[in-house]
Amino acid sequence: MALSVHLRSYVCDFIFLGGLYMSEGLDLCSSAKMQPIRDLIAKVAATNTTLLLRGESGVGKEVVARAIHKASPRAHRQFLKVNCAALPGELLESELFGHEKGAFTGAYRQKPGKFEAADQGTLLLDEIGEMPLRLQAKLLHVLQDGEFSRVGGEKIIGTDVRLIASTNRDLETAMRAHQFREDLYYRLNVIEIRIPPLRERREEIPVLVDHFLTQFNSQYGRKIEIPSETMRVFVEYHWPGNIRELENAVKRVVVLGTHRTVHQEIAATLGRGPRPAVTTAAVTATINPEQMISLKDIARQAARDAERVAIKEVLDRVHWNRAKAARLLQISYKALLYKIVQCGLVTPEEKQGIVPEPMSRNEVVAS
Ligand SMILES: Nc1ncnc2c1ncn2[C@@H]1O[C@H](COP(=O)(O)OP(=O)(O)OP(=O)(O)O)[C@@H](O)[C@H]1O
Ligand SMILES: [Mg+2]
């Protein structure tokens, strides 16, 4: 049975169209820019069409995917998500398609994958642009034929999954660089939904702030309010991390018990524009007047400081998603891991006393 289109689904489409299913989770997205997207979601939710969600990090791609699932006839079945950037190729293959006992070292028992678990439901493949080429071929096969085999197995397993893919990567460029299969691109991109960044739908900001404020006040047992001048600063700010950054800003206001710190930080950013990466004061402070001064060393030190600040900012912005950060910084994943060590940045895993696997420090330094 083909995955996305078959006669029964078309019959269902007409039954479920006509506003019977309303999109959930997007009630706060009331801006003019989001209205066509809400309309489109209402139209496509009930179909089995594959969807490609695009937009910057934190714009709400997953929220939209969940809204589509909830508005679809599959709502009573599973909605599952797999982050294609979070796992190396072999593990990702097993996560998606499952494996048989003994398929690889450590495969002690048979394990079904997400395609089996999400049968008759919806599967979100997040960061699809990071999927290795070999797996892209296998995914294309599943999309075309609606069947696959577990890793290390021969049995053909049929699947009926509604697939939603999301990315903030420029897939067209990836395609030209032969990093993304053209046939898969066209197969996924039946309907494309581009979610605009928050700075293009500023009228949603006050409603979102109120929503997060209520949520965090209740969560932390507080009664913090955000005054109108702070709200004005929030509306003006460009929110590079989009709704996720706004959510975190409101959370900080509630946790700190005052709006002042966050207000000042954002107002300062608005006032001064892009921040210089390193100050000359930081460099001159390291110069001893009694010693020879090597301009080369100063330049090297300044470059290292600038790198450290930039890498830290980008990693924080993407919540330490290293694959995403490497892409934004336009360096390889390995080079980023090396630089994290070189710059002495403390990873979230280290903060919690966990040695990250499989990218432990030794491995990074050795590579
Ligand atoms: N319409 C919305 N209403 C309430 N919260 C929202 C909305 N859109 C996004 N959020 C919140 O913003 C955060 C980021 O949303 P989401 O994870 O869907 O973004 P994303 O585009 O998938 O990000 P990434 O590219 O980093 O995966 C989440 O905590 C989510 O709950
Ligand atoms: Mg996401």
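This is a predicted model: local features need pLDDT of at least 70, side-chain atom pairs count only at pLDDT 80 or more; totals for chains, interfaces and linings use all residues.
Student: Which helices each supply at least two residues of the shell around ligand 1?

Tutor: Good place to begin. The shell holds 16 residues, and the closest are Ser57, Gly60, Lys61, Glu62 and Ile243. The helices that each give at least two shell residues are α3 (61–70) and α11 (242–256).

Student: How many residues of the shell around ligand 1 are charged?

Tutor: Let's sort the shell by class. There are 6 nonpolar and 5 polar residues around ligand 1. The number of charged ones is 5.

Student: Are α9 and α11 parallel, perpendicular or oblique to each other?

Tutor: Take the packing geometry first: α9 (residues 205–220) and α11 have axes 9 Å apart and meet at an angle of about 45 degrees. Their crossing is right-handed. Angles under 35 degrees would count as roughly parallel and 65 to 115 as roughly perpendicular. The two helices are therefore oblique.

Student: Which strands stand at the edges of the sheet?

Tutor: Happy to walk along it. The open sheet has 5 strands in the order β2-β3-β6-β1-β7, paired in parallel. An edge strand has a single partner, so one of its sides has no neighbour in the sheet. The edge strands are β2 (79–83) and β7 (191–194).

Student: Which residue in β6 stands opposite Leu52?

Tutor: Look at the pair β1 (residues 51–54) and β6 (residues 162–167), which run parallel and are joined by 4 bridges. The residue in β6 opposite Leu52 is Ala165.

Terms used:
Residues are numbered from 1 along each chain as its sequence is written. Chains are lettered from A and ligands numbered from 1 in the order in which they are written. Two strands pair if DSSP finds at least two bridges between them. A residue is near a molecule or strand if its C-beta atom, placed from the backbone, lies within 6 Å of it. Ala, Val, Leu, Ile, Met, Phe, Trp, Tyr, Cys and Pro count as nonpolar, Asp, Glu, Lys and Arg as charged, and the others, Gly among them, as polar. Axes are lines fitted to C-alpha atoms, for helices over the stretch in contact, and angles run from 0 to 180 degrees between N-to-C directions. Angles under 35 degrees count as roughly parallel, over 145 as roughly antiparallel, 65 to 115 as roughly perpendicular and the rest as oblique. A crossing is left-handed if the near helix is turned anticlockwise from the far one by less than a right angle, and right-handed if clockwise.
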